[in-house]
Structure formats: C-alpha cells, structure tokens
Amino acid sequence: MTLTLTDVRLTYPDGDRRLIALDAVDLRIAAGELVAVTGPSGSGKSSLLAVAGALTNPESGTVRIEDIDVTSLDQQGRDRLRRERIGFVFQQANLLASLTALDQLLLVAHLSGGSRRSAEARARALLDRVGLGGKAHKRPHQLSGGERQRVGFARALMGSPALLLVDEPTSALDHDRGAVVVRLLRDITHEQQVATVLVTHDLQYLHLADRTVAMRDGRVCSPAEVSPHSPAAVPGR
Ligand code: ADP
Ligand code: MG
C-alpha cells in the first residue's frame, strides 16, 4: 500500500486570520518503508499525521491510501478506513490502567468484531513479536515506559493496518530504550510491509529510518522530497 499526499494545505483559525499548518505538502510513502519526519515544534508534523490518518480533512490537495481518495470520503467512510487500514501510536501509549497487556489488544479486536479465539491467538503472537510474550498479563503500572510503548505498537498492529502513523514514541524514553523501540518499528515495517510514518524531533534515531524528510513552517523541505521547481527548494525560502 502506498500513502500519497499531493499539494496538501491545512489551516487553522487564528483570530481573524488563518494559521498555515501544512503548505503545499507532497509526500509518497511505499509499503515496507519507514519514513522519519523531523522538524522543530510547531512545524506541522502532527498535522501531517492527522491528515494522513484521515483524522482531519485538508483544506485542499489530495490524500490517497492505496487507491482510495481519503478526501472524498464522508465521516463514516473515514472512520471505517481508520479502523480497517490505519494504526496510530501517540507520544504516550494511552493504555487503559485497569487492563492487562493482552486485554488492551483484545479490546481493539472486540470493538471491530471477529472471534475471540482468533483475536487472542493474534494478540499473543503480536506481544511475542514485540518481546512481551512473558508480560501478557501485566497491567501498565507493572511495565516500563518502553514496554508500554511496545504494547501500543502491538495494539496498533492488531487490525493488520496498511499504514502506521507514529508520533514521538520515544519522547518519554531514554536513548537505549528509544533505540529499541525505533528498531522494532523498522523491523515490523519491513516484515509486514506496512507504510510507516515516524514523527520524531530526536535526530539520533534518524539513521534507523529508510528515509528522512524534514518539515519547516508546514512545508516538507528535504531537497530529496521536493522538486527543483518547488519554491520550498529555493534556498532562503
Ligand atoms: P508539530 O507536531 O510539528 O509540533 P503541529 O502540527 O502540532 O506541529 O502544529 C503546526 C501548527 O499548527 C502550529 O503552529 C500549531 O500551533 C498549530 N496547530 C496545531 N493544532 C492546532 C489546532 N487544533 N488548532 C489551532 N492551531 C493548531
Ligand atoms: Mg506534534
């Protein structure tokens, strides 16, 4: 599956003006590719994920996931696309305090239907895959920050997403734990042929990605990502 953003623009109301969060963004991410998106705070990284993940419709431009034009879907269509094709992982793992690691995953499966038995087999396999096979019955407070993030990855993978959107997963982790989490993400991306967008302002993880794009003021500004004719590629702009 491929994610393709073409000339995407997103603005937010800002007093009597509009604040430009994304401006002429072109980005293409293929199946099996881990792309890191970096850039200073406020440069539009989370906005990019919101648009790519069908959480927010852009003001103009198109977002395609496989052959689906996300911007043409109604609310119900977008909800369904998210449930069936997209996995999200946020800064905090957002686990439910009362549930075991296994139950966090089973809850997702329950919400989207399907048999309990096959869901449990899949959940256990995913927890094994993220190195938590022995901790399936632990609750969040019994897990480290890195382990909680790994439960979050496993949960995001429960629905076999084609697109995985990950926002600053290492911000609460020290470097070694952060590197473990990013390496795992890369391996899973390659194995399962997911298209993965990893937002991180932490430059020390960039070498683990297949490709890096930089954002600045709502624009994708890596020279490799913008055509030579794009104004964003002109030095000093
Ligand atoms: P980043 O994730 O790189 O820090 P964001 O995408 O969160 O950047 O923000 C991009 C710009 O859009 C910033 O100027 C931010 O203040 C603004 N912004 C983000 N979300 C909203 C919102 N819901 N309402 C208004 N402005 C927003
Ligand atoms: Mg952000």
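Which residue in the turn of the hairpin formed by S4 and S5 has a positive phi? The residue is Glu66, with a phi of about 55°, and two residues lie between the strands of this hairpin. The structure is a predicted model, in which local features need pLDDT of at least 70 and side-chain atom pairs count only at pLDDT 80 or more, while totals for chains, interfaces and linings use all residues. Residues are numbered from 1 along each chain as its sequence is written, chains are lettered from A and ligands numbered from 1 in the order in which they are written, and side-chain values use heavy atoms, with hydrogens and water left out. Helices (H or I, at least four residues) and strands (E, at least two) are DSSP runs, numbered from the N terminus.

Strands of a sheet pair through backbone hydrogen bonds, either parallel or antiparallel. Two strands are taken to pair if DSSP finds at least two bridges between them. Strand S1 (residues 3–14) runs antiparallel to strand S2 (residues 17–29), and nine bridges join the two. Their hairpin has two residues between the strands, and here Gly15 takes a positive phi near 65°. S1 also pairs with strand S4 (residues 60–65), again in the antiparallel sense, over five bridges. Leu5 can be followed in both directions: its bridge partner in S2 is Leu27, and in S4 Val63 stands opposite Leu5. S4 in turn is joined by two bridges to strand S5 (residues 68–69), to which S4 runs antiparallel, with Arg64 opposite Asp69 in S5.

A further set of six strands makes an open sheet with mixed pairing, in the order S6-S7-S8-S3-S9-S10. Its edges are strand S6 (86–89) and strand S10 (219–220), each of which pairs on one side only. Within this sheet, strand S3 (residues 34–38) and strand S9 (residues 211–216) run parallel and are joined by four bridges; Ala36 has Thr212 in S9 as its bridge partner. Helix H5 packs on the sheet, where it touches S6 and strand S7 (163–167), and its direction makes about 165° with that of S6. Contact here means heavy atoms within 4.5 Å. Helix H6 lies across S3, S7 and strand S8 (195–199), running at about 160° to S8.

The helices also pack on one another. Axes are lines fitted to C-alpha atoms, for helices over the stretch in contact, and angles run from 0 to 180 degrees between N-to-C directions. H5 (residues 145–157) and H6 (residues 175–192) pack at an angle of about 15°, with their axes 11 Å apart. The two helices are therefore roughly parallel to each other, given that angles under 35 degrees count as roughly parallel, over 145 as roughly antiparallel, 65 to 115 as roughly perpendicular and the rest as oblique. Among the residues of H5 in this contact are Gly146 and Phe153, and those of H6 include Val181 and Ile188.

Helix H3 (residues 101–111) brings several buried residues (under 20% relative accessible area, with exposed over 50% and partly exposed in between, using a 1.4 Å probe and protein chains only). These are Ala101, Leu102, Gln104, Leu105, Leu106 and Ala109, and their cover includes helix H4 (116–129) and H5. The axes of H3 and H4 come within 9 Å and cross at roughly 130°, and the two helices are therefore oblique to each other. After H3 comes Gly113, with a positive phi near 80°.
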